[in-house]
Amino acid sequence: MKGTLNITQKFIGFLLLTSILPLFTISILSYQAARKTLESEAIRYSEEIVVQKQEYLELQLEQIEGLITNISGVDEIIEVLEQERTQTDTYTNLVTQARIGYILSSHSSLKGLVSIDIFTMQGARYHVGDTLDVSDIRHDVKNKILIQALQNNRTIAWYGVGNNINASSTEDKVITAAKMIHKTDAETLTSMPIAMLLVNYSLDAIYDSFDQVDLGTNAHLLVLDGENRVIYHPDRQLAGLYASEALIQHLGASEPTFATNINGERMLVTFVQSEMSGWKILSLIPTRNLALPSSTIRMAIGLALLISLLIVAISAWLITLQFVRPIRQITQRFKLFQSASDVSLPPLAISNRDEIGELSRWFNVFLVSWEGQQQAEAALRESAEQQQAILRVVERMRQTLDLDEIFDVTTNELKRLLKCDRIIIFRNHPDGGLECLAEAKSCLYDSWLPAKTGSQVLALESSLKLEPPSPHFTAPTGPVAASAVDQWASQLTPQGPSHLDQPPAIANLGVKSYLHVPILRNDQTWGMIGAYQHSQPQPWKETDINLVTSVSSQLGIALQQADLFAKIRQQAADLEQAKNTAEAANMAKSNFLANMSHELRTPLNAILGFTEILAEDSNLSLSQHESLSIINHSGEHLLELINDVLNMAKIESGKISLQEVCFDLYEFLSKLENLFRLNAKIKQLDLNFILHPELPRHICSDEGKLRQILTNLLGNAVKFTQTGRITLEVSTISSPDKHGPQSFDCMDLRFTVTDTGPGISASELDSIFEPFVQSETGRLAQEGTGLGLTIIRRLLQAMGGAIQVKSEVNIGTRFDVVLPVKAAAPEEAPPQTDPISLEDLTVVNSSYRILVVDDAPTNRMVLRHILGSLGLEVREAENGQAAIQIWQEWAPHLVLMDMKMPIMDGYLTTRMIRQLESQFATTHVPTKIIAVTAQAFEDDQRQVLESGCDDFLSKPLKREMLLEKLAVFLGLEGGLEGVHLQAAQPSAPKS
């Protein structure tokens, strides 16, 4: 402000007015003002120093976090870690170590980086670092970091300074950062840790920066980690120790600047805490350092009191030169620092070595330190920009496996980053020389790419570090840079249709300087990246070489990935071809089984059908009935053999499936006993069924397959036992819990079939479950196919059960079947009905019309006889076309549809009838269609129902099954309960 007196003017005025007393007063005021100014400037300087160091540390930590994020985002590492638990052999483990080690090595160029380790949750370890001896591990350190990493909520956790996990490392104390690598389960969408990524950073990088800061005598900087352990201290032996409790208490309860006693000395402490890592950066300045300039002032005051008033003006002038002006200069420079951090200031001139000179000197020290810090930060920013550029290139590489696109992106990115005139990617040509694959250049220069109309190759015949010159280019093992053409001694010549007799020198192409970095694929030189400057010589910096080297390394990885992708595609094509071949073979086998089933069951349908019809004729003699019985028995035996063969083929073709239902076990066993009671009585055998009291009444299992298993075992026992008894004992192995047998618990049932037959020799017991293998007793009886026990074992394996056999010759045989089932509630079991006979049925409505569709006349004749005996109207059709015509004219209530016929099969016929019904829904009552098919596989039955049929019957046709279906779909009434379903009223036939 104008008119305000400065310190010198006030000093002279007061001295002149009041002599010594005013001079003394002014001196005291000057001393107080100077001390406050010095303290204020010292505090501000300390704050700026710690803030700058905080920014420097966070910049370093950001690079490490970027490295961790980059590594944990590498898909190949995640893939290997997810498959790590399946790697069992040593070779695979070594290959995995090499792959991850190679990837980690490509990210280990960060300055100050000591090591990178990956520890999997299964105990595997992958390491890249300053030591190859990874056997000596500090497990206590690793376990502590792992526990903290699992409990830490941060993505990347900083653990400050501590012992190196690698005991053999040259760096005993390191700064550690860790991150857990997770995978997500595709079914449960839950995340679980699979590995810990751990990075160790050297303390040297911290000390190199912090040692440059000089705060004065006995003043220093201090860095503490999140657990208040010393990361930086001028005495390096204190690294890793905990700070004093008094200092920690002040840091938690005080302002950013405070004074406290440390080691018996009063210190002015200024600190900041990093939000990223939780670290604290402190500056500690002894308060006595701040008092040193005040002693000079006190001396000046004493001298001023002794000097006469004659030298007041000289004293004021000297004070002005030595005190006021330097302070003004320092203040002015601090203002410039505050307004523009990148301003370049000259150092203060130091004419004296007093306190003011010391202050100026310390300011100059600060200025030098600040400029060095600015240069370091600039270098770090440049390195960060390079890393970001590399990440962009790598990200673009990961977005595609098209090498042409990768090369194009790489050349353009490198040209932009290096600010050069031309970037080219070369590949070693099989015929020698280098093939130019991709180019990014300035529009001012001609392209070096081969002409699109020809197949010429750019050959680089080089004498780089080779004596004498090599006839072909040999890629160097490391980057080669030259700033002038005469250092290169190389030539570029186009070979091909436009071959030149005299190859032009590289100077003729206008190259002033170049940079070559080889591209390695699988440790072999694949080609190289060339950077060229035409406009002027360019000195290639180390950062430029590191950038191109990093990009070439990523190109090598991309080439390996492209090779791997090509192999995977070829393997996928081979697998697809093998799958198609297997499916074609399986389809051929299925078609063969379906045709065999149809061709074998169709004639049996006629044989068994007509024997049942003839057996009802009361005019036949006894011998004729016996003959019919023999024919029927032989047909049933043949059907049993066919069923065994087809069932075995069906099991081996993978067509078996479980149909779990809930049923009454007691009623099931009762019907099974009635089935064998007559045959046992004829042979005078004692047939016993023993049911243990804890046995549940209702169970859930595959009733049909269980019936097939027990029927086969009991049938063999009745067949081969001549005298004695046959016993079926049913019990539980694992009893239900306290809720009783009506609970829904799983249990194992044991079915034991024991007979007193001829038995099986011990030498035959191991082979009786093999296909087409019979015991000596079975061969003598000349019955069966040797497939029954094989089918039983295969069915039990599919149902989760097992079978065992014990036998002694001439004593008997015992089969134990163990089957897991589930107890069920009574309401889950369907009602049981007895078989219906022809005599049990009466026709509710005699005008029912039945259409029989079959290409075999004998099959139609059998059905016509059975249906006609019930008083039903019957018409016949020999194929699907005739069936549709009759359906349209006659409107039958029920159709018995053969599914395999010439001209039009039953599947297409059924679909057409359903389509026609949908068009005349208001005038037609839907026709019931029952498929009569010789294809008895479960897949065939499902296909029948999907075509539109209401139900199906298998050939050979059982009359009882046919009568049951008629009772359900037409409302035929019998003497049994549950057979009174009334069909819709018949519609009048079309005229």
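How many bridges join strand E6 to strand E10?

1. The model is predicted, so local features need pLDDT of at least 70 and side-chain atom pairs count only at pLDDT 80 or more, while totals for chains, interfaces and linings use all residues. Residues are numbered from 1 along each chain as its sequence is written, and side-chain values use heavy atoms, without hydrogens and water.

2. Strands E6 (residues 220-224) and E10 (residues 280-286) run antiparallel and are joined by 5 bridges. One of the pairs is His 220 with Leu 284 of E10. Strands (E, at least two residues) and helices (H or I, at least four) are DSSP runs numbered from the N terminus; two strands pair if DSSP finds at least two bridges between them.

3. Both strands belong to an open sheet of 5 strands, ordered E7-E6-E10-E9-E8 with antiparallel pairing. E7 (230-232) and E8 (257-262) are the edges; each has a single partner strand, so one side of each lacks a neighbour in the sheet. The twist averages 35° from one strand to the next.

4. Helix H6 (residues 203-210) packs on this sheet and touches E6, E7 and E10 (contact: heavy atoms within 4.5 Å). The direction of H6 makes about 60° with that of E7 (axes are lines fitted to C-alpha atoms, for helices over the stretch in contact; angles run from 0 to 180 degrees between N-to-C directions).

5. Elsewhere, helices H19 (residues 857-869) and H23 (residues 959-970) pack at about 55°, with axes 12 Å apart. The contact involves Leu 863, Ile 866 and Leu 867 of H19, and Arg 959, Leu 962, Leu 963 and Leu 966 of H23.
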